[in-house]
Amino acid sequence: MGARRLVAVLVTALLAGCAPATATIDEATGPVSARRAPEGSYAVGVRTLTLDPRSARPLPVTIWFPASADRVAAGRFPVVVYSHGLGSRPDLHAGLTTRWAAAGFVVAAPAYPHTRQAAAHFTRADVRNQPADAWRLVRHLGRLDRNREDPLAGHLDLTSVAAAGHSAGGFTTSGMFSEGHPARLRAGIVIAGGGLPGSFAGPVAPVLFVHGTADAVVPLTVGRAAYGRTPGLAAFLSLLGQDHGAYLTPGHPGFAPVLATTTDFLRWTLYGDKAAGARLPADARTPLTRYEFRPAQ
């Protein structure tokens, strides 16, 4: 499907605000959100919880959400599951995740049991188990949304979910797109990562890759190989001459195009925002970046 055709079918809701309307169908992504993308920005709230605290894999989670008057803002919001890299933790990515929340997304970031900073039994091989942890989190969010006593109840649009992550979290993100994954996983953002065995199977969804061309930790060739394996619509944002992730730091020259591109990609794929989709090439039109777009194969 060409870019113009995809833009044509990713329509926004006819009603203003976050009121429900009839969903549309897109050939590349399936049903898109019937909620109109916010026109402004929100204050951001944060909460923490631990999923399955007495299990063999307790999962601390940080959730950033659009806020108003010290509570969750009115409306339902698409959900982004954000996965950290080896030896990292969710709050170290707050420069990006809080800005996504301000743009109208609920961002849930797990701290994985054996790859997070200060893990008692650190092992990089546990990355292969993290996609299942991320899906466990999505199911838990569904329970919170149905629990009338939870502050997030009625605010989570779990028909429109994206997965995103940096480094090992990028591999985790790819692993969520395995055979038989739920169709509500509408989009992925793989930052300085690649694919796990079995990635990019099941329902097709758009994936955005972000990678520094001088990345010595996860070489650019790894990200390019994953990009080539993605069967659906895909895009690749190259950070020219950049390393493994300094561009995720606010104030770094690469941060602004990464923020603009990822935010518009989420607005486009989860809200069906045509204008955001049309902005993507311009978002990356800087001396530091190169943007590629590939229609669904």
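D145 pairs with R76 in a salt bridge, and their closest N and O atoms sit 2.9 Å apart. By salt bridge I mean a side-chain nitrogen of Lys or Arg within 4 Å of a carboxyl oxygen of Asp or Glu. D145 belongs to helix 3, while R76 is in the loop between strand 5 (71-72) and strand 6 (77-83), so the pair ties together parts that are 69 residues apart in sequence. Helices (H or I, at least four residues) and strands (E, at least two) are DSSP runs, numbered from the N terminus. D145 is buried at a relative accessible area of 13%. R76 is partly exposed, at 25% relative accessibility. The cut-offs: buried is under 20% relative accessible area, exposed is over 50%, and partly exposed is in between, with a 1.4 Å probe and protein chains only.

A word on the source. This is a predicted model, where local features need pLDDT of at least 70 and side-chain atom pairs count only at pLDDT 80 or more, while totals for chains, interfaces and linings use all residues. Residues are numbered from 1 along each chain as its sequence is written, and side-chain values use heavy atoms, with hydrogens and water left out.

Back to charges. How many salt bridges does the structure hold? There are 11. One of them joins D150 to R47, with the closest N and O atoms 2.9 Å apart. D150 is in the loop between helix 3 (130-146) and strand 8 (156-166), and R47 is in strand 3 (residues 43-51), so this pair ties together parts that are 103 residues apart in sequence. Buried or exposed? D150 counts as buried, at 12% relative accessibility. R47 counts as partly exposed, at 22%. The side chain of D150 also reaches the backbone nitrogen of L152, at 2.9 Å. That is a polar contact: a pair of N or O atoms within 3.5 Å, where within protein one must be able to donate a hydrogen and the other to accept it, and residues adjacent in sequence count only if both atoms are side-chain atoms.

D133 and R136 meet through their side chains in a salt bridge, 2.7 Å from N to O. Both lie in helix 3, three residues apart, about one turn of the helix.

Now the nonpolar side. A nonpolar core here is a set of buried Ala, Val, Leu, Ile, Met, Phe, Trp, Tyr and Cys residues joined through side-chain atoms within 4.5 Å. Which members of the largest core touch the most others? Of its 76 residues, they are V80, Y82, W100, L141 and I191. Helix 6 (residues 255-271) gives this core its largest share, eight residues. A second, separate core has five residues, among them A168, F171, L196 and V218.

W100 comes up again in helix 2 (residues 94-102), where the buried residues are G95, L96, T97, W100, A101 and A102. Just after helix 2, G104 takes a positive phi of about 110°.

Two alanines have positive phi as well. A69 has phi near 55°. A69 is in the loop between strand 4 (59-68) and strand 5, and is exposed, with a relative accessible area of 67%. A192 also has phi near 55°. A192 is in the loop between strand 9 (185-191) and strand 10 (207-212), but is buried, with a relative accessible area of 0%.

On a 1 Å grid over the protein atoms alone, a cavity is a set of points where a 1.4 Å probe fits but cannot get out; a pocket is an open set with protein on both sides within 12 Å along at least five of seven lines; lining residues have an atom within 4 Å of a point. The largest pocket holds about 290 Å³. It has 18 lining residues, and the closest to its centre are G85, S88, H166, S167 and H244.

The structure holds one cavity of 30 Å³ or more. The largest cavity has a volume of about 50 Å³. A volume is the space filled by probe spheres set on the points, which are joined across faces, edges and corners. Its lining includes F177, F200, P203 and T230.
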